[in-house]
Amino acid sequence: MTTKVALEQHVAAGSPELREVFGGVAAAAREIAKQIRLAGLSDALGAYGAVNVQGEQQQKLDVFANDVMIKWLGQAASVAACVSEEDEAPVVFANAGAKYIVIFDPLDGSSNIDVNVNVGTIFSVQELQGGDLDASILQQGTKQVAAGYVVYGPSTVMVMTTGTGVAAFTLDDNGEFIRSNDAMQMPEQGPYYSTNEANAASWPEAYREYLAMLLRGDLNGKTYSSRYIGSLVADFHRTLLKGGVFLYPPTDKAPKGKLRLLYEANPLAMLAEQANGAAVNGPERIMELQPEQIHQRTALIVGSKREVEALQKAVLEAR
Ligand SMILES: O=P(O)(O)OC[C@H]1O[C@](O)(COP(=O)(O)O)[C@@H](O)[C@@H]1O
Ligand SMILES: [Mg+2]
Ligand SMILES: [Mg+2]
């Protein structure tokens, strides 16, 4: 019989301080998972009635997940501050000597909540540099010390990295995250592309040509199927396990892209690279982008190396 490895045990082997961060995220995820599971019975579905800093309608579960993340991370002694999609400014804790900043999307895929489709929590961990909070938050993705997400699906699963590979943990009946995969690797290529094709008419030409090239089977003769859930976490999770490419290109409506650099693109880029995949904004590697604002948006193309490299080449050649 194989030995059970709990999340906290797995992380503690690397760093006791990071263990507190993951303990905080795990505690929050347990509460969020329960609330989502019973949402239809507890008046937790639907709009909250306010608009967040992105100008988007907040759902009740967006607000709940945000409050729960802040509550648990505030109790983690090594967390100095949090940055959330739902809050305009960082939330600073009075944890003396704390060295980590946790940057998160508390509930990703909000538009899917009411229809019982997978949603998630995405997080990135940066280290406080010399007490300068703003500069520490705006560090490049290459400086992340850890990253991960929780997908609330048929199982609740946390996928995480501390910079030495990617592991997955499944929430069991006792409320523990138990390791279910200790070395996740993205296939080199295919078989899915994942994108909101309804936007294709307003993508830059190079992206339309790239998609046409995949559909013709011109990338190593591979044929593709289409999959798009509209929850980034769920679309990424499938891409990580099965291979292929997720694309959210620039559009006329969102010329800089729709997804958020610090708490959507960077953590998923770190996970992708740690699992042998890649992530770009078109021409550049996501993790080398220099963030300027905490809620900054970016285009995101993430997935298997072969597809992402081919896209980057096509975009660079079109310039
Ligand atoms: O409906 P669209 O434009 O395809 O957008 C889907 C994308 O928007 C998002 O829902 C944005 O996330 P939030 O729910 O956290 O705002 C992503 O999860 C997803 O990839
Ligand atoms: Mg999101
Ligand atoms: Mg969100």
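**Close-up 1. Glu-264 in helix α7.** Glu-264 is found in helix α7, which covers residues 261–274. In this predicted model, Glu-264 is buried, because 26 other C-beta atoms lie within 10 Å, and a residue counts as buried when there are 20 or more such atoms. When its neighbours within four places in sequence are left aside, Glu-264 is in contact with Asp-105, Asp-108, Ile-122, Leu-232 and Leu-259.

Close-up 2. An unreviewed UniProt entry lists Asp-105, Asp-108 and Glu-264 under "binding site". Although these residues are spread over 160 residues of sequence, they cluster in space, with a largest C-alpha distance of 8.6 Å. Among the contacts of Glu-264 are both Asp-105 and Asp-108, so a reader who finds Glu-264 can look for the two aspartates beside it.

**Close-up 3. Asp-105 in strand β5.** Asp-105 lies in strand β5, which is made up of residues 100–108. Asp-105 is buried, because 28 other C-beta atoms lie within 10 Å, against a cut-off of 20 or more. Once its neighbours within four places in sequence are set aside, the residues in contact with Asp-105 are Glu-85, Thr-121, Ile-122, Arg-260, Tyr-263 and Glu-264.

Close-up 4. How many of the six residues of strand β8 (residues 156–161) are buried? Six of the six are, so the strand is largely enclosed by the rest of the structure. Both faces of β8 are covered, with Thr-156, Met-158 and Met-160 buried on one side, and Val-157, Val-159 and Thr-161 buried on the other.

**Close-up 5. Strand β7 beside β8.** Strand β7 (residues 146–152) pairs with β8 in the antiparallel sense, and six bridges link the two strands. A residue pair to look for here is Tyr-149, which stands opposite Val-159 in β8.

**Close-up 6. Strand β9 beside β8.** Strand β9 (residues 167–171) runs antiparallel to β8, and four bridges join the two. Val-159, which stands opposite Tyr-149, has Ala-168 as its bridge partner in β9. β8 and β9 form a hairpin with five residues between them, and in this turn Gly-163 has a positive phi of about 100°.

Technical notes:
Residues numbered from 1 in each chain as written. Chains lettered and ligands numbered in written order. Predicted model: local features only at pLDDT ≥ 70, side-chain atom pairs only at ≥ 80, totals over all residues. UniProt positions renumbered as here; feature names shortened; annotations may be inferred. Buried ≥ 20, exposed ≤ 12 C-beta atoms within 10 Å, placed from the backbone. Contact = placed C-beta atoms within 7 Å. Pairing = 2+ DSSP bridges.
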